[in-house]
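Thanks for coming. Please have a look at the model first.

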Amino acid sequence: MFFIPAYAILVECPKEQALMPRWFGYLCLLSGMVFMPAPLIYFFKSGPFAWDGIINFWIPLADLGIFFSITPFVWGPALEKLRSRQASKAVAT
C-alpha cells in the first residue's frame, strides 16, 4: 500500500514537472517499513513485538495518524496540478 506511491514519486519525472514533493515519497517508504515487523505478533505474546506492544501497535498507530493527516495537504495540490495540465492539453489540441 505504501511502497507503490513511494516508487511512483521517487522515480517521477524532473522536479519542475513533479506532481508531489520527494519528501512525501520518503514518508511513504518509511510508513511502509514501519509495518514490516507486523508478522511477529504470531510469535510474541507479550513485550514490544506483541499485538499490543510499542513496535507492532503504538508506532504504526502514530505513523498512520501522521500519514493520514499529511496526505490531504499533499494530494490536494497534486490533483490541482494534474487538472491544470489536462486542461492546458485539452486547450492546446
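Let us start with F67, which is buried because its relative accessible area is 8%. Buried here means under 20% relative accessible area, exposed means over 50%, and partly exposed is in between, with a 1.4 Å probe and protein chains only.

Before going on, a word on the source. This is a predicted model, where local features need pLDDT of at least 70 and side-chain atom pairs count only at pLDDT 80 or more, while totals for chains, interfaces and linings use all residues. Residues are numbered from 1 along each chain as its sequence is written, and side-chain values use heavy atoms, with hydrogens and water left out.

Now the overall picture. The protein has 3 helices and 0 strands, and the order from the N terminus is α-α-α. Helices (H or I, at least four residues) and strands (E, at least two) are DSSP runs, numbered from the N terminus. The C-alpha atoms fill a box of roughly 60 × 20 × 20 Å along the principal axes. The radius of gyration is 18 Å, whereas a compact globule of 93 residues would have one near 12 Å. That radius is taken over C-alpha atoms, and the globule rule is 2.2 Å times the number of residues to the power 0.38. Of the 93 residues, 24% are buried.

Back to the aromatic residues. The structure holds 7 aromatic pairs. In one of them, the rings of F2 and F67 have centres 5.0 Å apart and planes at 85°, so this pair is edge-to-face. For the terms: rings of Phe, Tyr and Trp (its six-membered ring) pair if their centres lie within 6.5 Å, and planes under 30 degrees apart count as stacked, over 60 as edge-to-face and the rest as tilted.

What does the pair of F2 and F67 tie together? F2 lies in the segment before α1 (3–10) and F67 in helix α3 (residues 54–92), so the pair links parts that are 65 residues apart in sequence. F2 is buried, as is F67. F67 also pairs with F68, again edge-to-face, at 5.7 Å centre to centre and 65° between the planes. Is F68 buried or partly exposed? F68 counts as partly exposed because its relative accessibility is 47%. One aromatic cluster is formed by F2, W23, F24, F35, F67 and F68.

S31 is in helix α2 (residues 22–34) and is buried, with a relative accessible area of 0%. Leaving out residues up to four places away in sequence, S31 touches F2, D63 and F67. Contact means heavy atoms within 4.5 Å. L64, in helix α3, is partly exposed at 26% relative accessible area.

Last, another place on helix α3, where A78 is found. A78 is buried, with a relative accessible area of 5%. Which residues does A78 contact, leaving aside neighbours within four places in sequence? They are L19 and M20. The C-alpha atoms of A78 and A18 are separated by 8.7 Å, and these residues are 60 apart along the chain.

One figure for the whole chain to finish. Among contacts between residues at least 6 apart in sequence, 52% join residues at least 24 apart.
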